[in-house]
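I opened a new page for this one and wrote things down as I looked them up. Here are my notes, in the order I made them.

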Amino acid sequence: MSKPQSIAERLSNQGFNRRDFLKFCGITATVMGLPPAVIPQIANALEKTPRQSVIWLSFQECTGCTASLTRAHAPTLERLIFDHISLDIHHTLQAASGEAAEQIRKQAMKDNQGNYLLIVEGSIPIGNPGYSTIAGMSNKDMLMEVAKDAKAIIAVGTCAAYGGIPHAYPNPTGAVSVEELITNKPIVNIPGCPPIPVAIAGVIAHTVTFGTLPELDSLKRPVTFFGQNIHDRCYRRPFYDKGLFAESFDDEGAKKGWCLYKLGCKGPVTSNTCATEKWNAGVSFPIESGHGCLGCSEPNFWDAGSFYKALSVPTGDFAQTAGYALAAGAAVGVATGLLNKKKKGDAAKNHETVTINDLDRKQQ
Amino acid sequence: MSAATFERGYKAFKEQIDAPIAAYFSSCVSCGMCAEACLFFTETGDPKYTPIYKLEPLRKVWEQEYTLWGRLKALLGISKKLTDDELAEWQELIYGSCTMCGRCTMVCPVGNDLVYMIRKAREGMAAAGHAPPDIIVGTQRAITIGSATGVGLPTLQAQIRRIERETGMKIPMDVQGVEYMALLSSMEIMSFPEYLEALAKIMKYAGKTWTLSSEGFEATNAGVQIGVSEIAKELVMRIVKAAEKLQVKTVISPECGHAYGAIRWEGPNLIGRPFTFRVQHILEVLDEWREQGKLKTEGFEKARLTFHDPCQSVRRGGVIEQPRNLLKMVASHFVEMEDHGKMNWCCTGGGGVGAIEEAHELRTKAFNRKKTQLDALKVDKLVTSCANCRLVLEDGLEAYEMEMPVMGLTEMIAEHLKEEGEMEKDKGLYRFSEN
């Protein structure tokens with residue numbers, strides 16, 4: 001086996017010059033929300049680090065996550081990263097099959113023992129393992145075997161992170177997420193159905209550069225990408241603030257691009273970066289295409305009721321109710337004000353002059 | 001005629017509650033920052049001296065009379081009605097431990113003017129007969145004799161005769177059509193007649209025409225102090241009538257900070273119309289003349305000295321830079337206390353506290369704040385510009401056995417006036433820039 005090349009060496013072999021490389025480092029820092037001062041650090045780390053060994057396991061999944069990551073629009077950050085990590089095994093993408101494929105997995109685990117990253121796509125059936133096996137091995141057994149010597153695990157997609165659609169009621173396979181089975185390894189969840197590609201690339205770049213995982217929230221999601229909800233970053237937010245809503249998918253409001261809240265948009269309760277990173281090389285994201293957010297990157301999104309039911313809508317005619325409430329409030333306010341004014345006025349009218357003879361309690 | 005009763009007091013509280021009071025009470029966030037700003041709290045650590053707590057009776061009336069929830073609470077018996085005993089208990093807080101210095105107002109994050117509130121609360125307390133006896137007596141004297149301390153015209157006339165005899169200067173009385181009419185604080189007449197002498201000397205030096213009035217010379221206002229607007233109005237009217245009769249352009253408030261606030265800020269509101277004359281604090285007048293080059297001094301005070309800011313003229317009155325400009329003319333070692341200017345600490349005797357016998361012990365304890373300030377500076381001399389502050393400071397210094405002379409700023413300026421003959425040959429020298 002030839003000496004493993006560093007990312008920088010690989011880039012230069014492919015005709016990228018140093019300027020391209022530094023630009024790439026700059027983009028990585030920006031996407032990760034890191035200060036410009038760390039760009040040289042990233043460059044230094046990537047230049048010296050041999051390509052990170054990555055083992056990608058696919059369990060109960062639709063391959064949508066892989067498709068999302070490999071779709072062609074070049075050159076992108078994720079493309080660069082995936083060209084330059086050592087993706088030693090990927091069930092869907094590899095050419096090898098059968099015994100040969102299993103041999104590669106075992107070899108990669110042996111060569112990079114304790115140092116490889118494990119990426120998991122799909123949920124794991126533990127109710128009946130027969131639903132998903134690879135080379136006669138249950139998903140659970142394979143996960144446990146590969147996870148044992150992994151440096152860290154990245155659960156890609158909602159299935160791996162939270163169980164996803166296989167986990168949805170009635171969950172016939174007994175599907176569970178990675179973190180439900182593995183408790184002794186660092187885990188990063190990058191949920192989404194599918195997840196935003198740049199989030200995966202960013203986490204890998206961070207791990208290679210700093211040797212640690214990025215900052216995670218309570219659901220083990222990288223804060224950089226999942227720190228804000230879609231609603232707060234949505235370009236339709238001003239309409240929400242003004243109370244301008246589309247009532248159906250073909251009404252005037254929908255045509256004018258008003259807020260889709262009443263049509264069931266889950267943007268307010270979904271933490272993801274779709275509204276800023278967007279999809280398909282920044283073309284658009286679901287809301288921009290006229291459909292509310294499904295909340296696909298949230299746990300149990302499939303069981304959270306209809307996609308078209310608004311999160312909460314005031315009963316009756318909101319404007320009318322609000323109008324009555326306002327009028328009633330104003331009336332009470334005015335009445336109280338008048339009453340108070342009269343009370344103070346009466347007190348002033350009945351004012352008894354205080355002279356120096358009135359200052360004592362004794363009768364003067 | 002009649003006597004003070006709880007009912008009269010309660011009615012007065014109701015009458016006093018206006019939009020600012022309602023706004024202040026509803027904006028209070030109970031943060032307690034006013035406590036840290038009050039020397040009665042900082043020097044005792046007793047939470048009852050928290051400024052906003054001193055207003056509890058007024059707050060109760062506001063809540064129970066003017067708010068929906070308060071009325072409901074009172075109706076259901078959840079909150080108790082204000083009682084006479086409560087007012088008696090609060091006398092110490094509304095009069096005895098509030099100098100109306102306004103330091104709390106400066107730190108209030110929602111901008112509540114607690115002095116305004118105390119002033120209003122005192123109206124209710126006075127009508128209910130819960131003003132301290134010393135303050136009641138003082139107020140009665142102010143109306144019958146002419147000043148809270150009992151100093152009347154005969155005393156003033158005696159002092160004038162003495163000054164005229166000793167200095168050869170003439171102190172003008174009841175002269176019509178002059179530019180300035182000067183007011184005095186009875187404490188100046190009695191305890192610090194040096195002020196009147198200094199004033200006469202400076203007037204003569206600056207070549208200004210001025211007079212005193214036999215009908216309105218007392219500037220302090222016991223009505224403001226006790227919280228009875230009718231009495232305050234009557235006392236202000238004495239000055240207004242005198243000034244209008246003599247047709248003066250400007251009335252000069254004496255150094256006394258309380259007197260300045262009473263005539264300049266409360267005055268027109270009390271009588272319900274603008275004055276036909278201007279009111280200026282003596283230090284404003286002196287600083288104006290300094291700027292115009294009418295006041296030239298010579299020599300410097302050698303002692304290391306500091307300036308005690310009287311709350312009412314500095315923080316509440318805005319006369320902040322003037323005393324400093326003047327001090328720099330005559331003092332070579334002038335140092336500032338850590339909290340000075342508009343954030344100064346009170347002398348502990350303002351707002352009538354200095355006159356309340358029962359408050360003496362607490363006041364002396366609170367004076368520790370000033371002692372700490374002075375100890376930190378290691379000064380030899382204390383300058384101030386308020387007769388009341390000066391009396392209280394001297395009292396406090398004595399209680400803490402601190403040897404330190406206290407001097408009025410106007411007198412200090414008068415002492416350093418440059419002899420007229422020398423003024424000519426010194427022209428062109430820029431001594432004012434020296435520090």
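This is a predicted model: local features need pLDDT of at least 70, side-chain atom pairs count only at pLDDT 80 or more; totals for chains, interfaces and linings use all residues.

Next I looked up the area. Chain A and chain B bury about 2,400 Å² between them, and carbon and sulfur atoms hold 49% of it. Which residues of chain A lose the most area to chain B? I found A:Ile356, A:Leu359 and A:Arg361, together giving 30% of what that side buries.

Then I went through the polar side of things. I counted five salt bridges between chain A and chain B. I looked at A:Lys343 with B:Glu65, whose side chains meet in a salt bridge at 2.6 Å, N to O. For polar contacts, my tally across the interface of chain A and chain B came to 15 residue pairs, both residues at pLDDT 80 or more.

**Entry 1: inside chain B.** I moved on to the domains. Chain B is divided into domain 1 (6–131), domain 2 (136–289) and domain 3 (291–420). I picked domain 2 and domain 3 of chain B, whose centres, taken over C-alpha atoms, are 21 Å apart.

How many residues of domain 2 of chain B are in contact with domain 3 of chain B? I noted 28 from domain 2, meeting 35 residues of domain 3. The area buried between these two domains of chain B is about 2,800 Å², and carbon and sulfur atoms give 65% of that. On the domain 2 side, B:Phe192, B:Tyr205 and B:Asp287 supply 25% of the area buried against domain 3 of chain B, more than any other three residues.

I found one salt bridge between domain 2 and domain 3 of chain B. I also looked up B:Arg390 and B:Glu194, which form a salt bridge with their closest N and O atoms 3.3 Å apart. Polar contacts between domain 2 and domain 3 of chain B came to 14 residue pairs, both at pLDDT 80 or more. Four helices of chain B each supply at least two residues of the domain 2 side that touches domain 3: helix 12 (186–190), helix 13 (194–206), helix 16 (257–271) and helix 17 (282–291). By class, I put that side of domain 2 of chain B at 14 nonpolar, six polar and eight charged residues.

**Entry 2: B:His281.** I found B:His281 in strand 4 (residues 278–281) of chain B. Is B:His281 buried or exposed? I wrote down buried, because its relative accessible area is 0%. The side chain of B:His281 reaches the backbone oxygen of B:Pro254 at 3.4 Å. Leaving aside neighbours within four places in sequence, I listed contacts of B:His281 including B:Ile252, B:Tyr260, B:Ser313 and B:Ser385.

**Entry 3: B:Gly146.** My last stop was the loop between helix 10 (133–144) and helix 11 (153–167) of chain B, where B:Gly146 lies. B:Gly146 counts as buried because its relative accessibility is 15%, and the cut-off is under 20%. Not counting residues up to four places away in sequence, B:Gly146 touches B:Arg141, B:Val151, B:Glu218 and B:Arg238. I also checked B:Gly146 against B:Glu43: they are 103 residues apart in sequence and 36 Å apart in space, C-alpha to C-alpha.

Terms used. Residues are numbered from 1 along each chain as its sequence is written. Chains are lettered from A and ligands numbered from 1 in the order in which they are written. Side-chain values use heavy atoms; hydrogens and water are left out. Domain bounds come from an automatic or database domain assignment. Contact means heavy atoms within 4.5 Å. Buried area is the accessible area (1.4 Å probe) that two parts lose on being put together, summed over both. A salt bridge is a side-chain nitrogen of Lys or Arg within 4 Å of a carboxyl oxygen of Asp or Glu. A polar contact is a pair of N or O atoms within 3.5 Å; within protein, one must be able to donate a hydrogen and the other to accept it, and residues adjacent in sequence count only if both atoms are side-chain atoms. Ala, Val, Leu, Ile, Met, Phe, Trp, Tyr, Cys and Pro count as nonpolar, Asp, Glu, Lys and Arg as charged, and the others, Gly among them, as polar. Buried means under 20% relative accessible area, exposed over 50%, partly exposed in between (1.4 Å probe, protein chains only).
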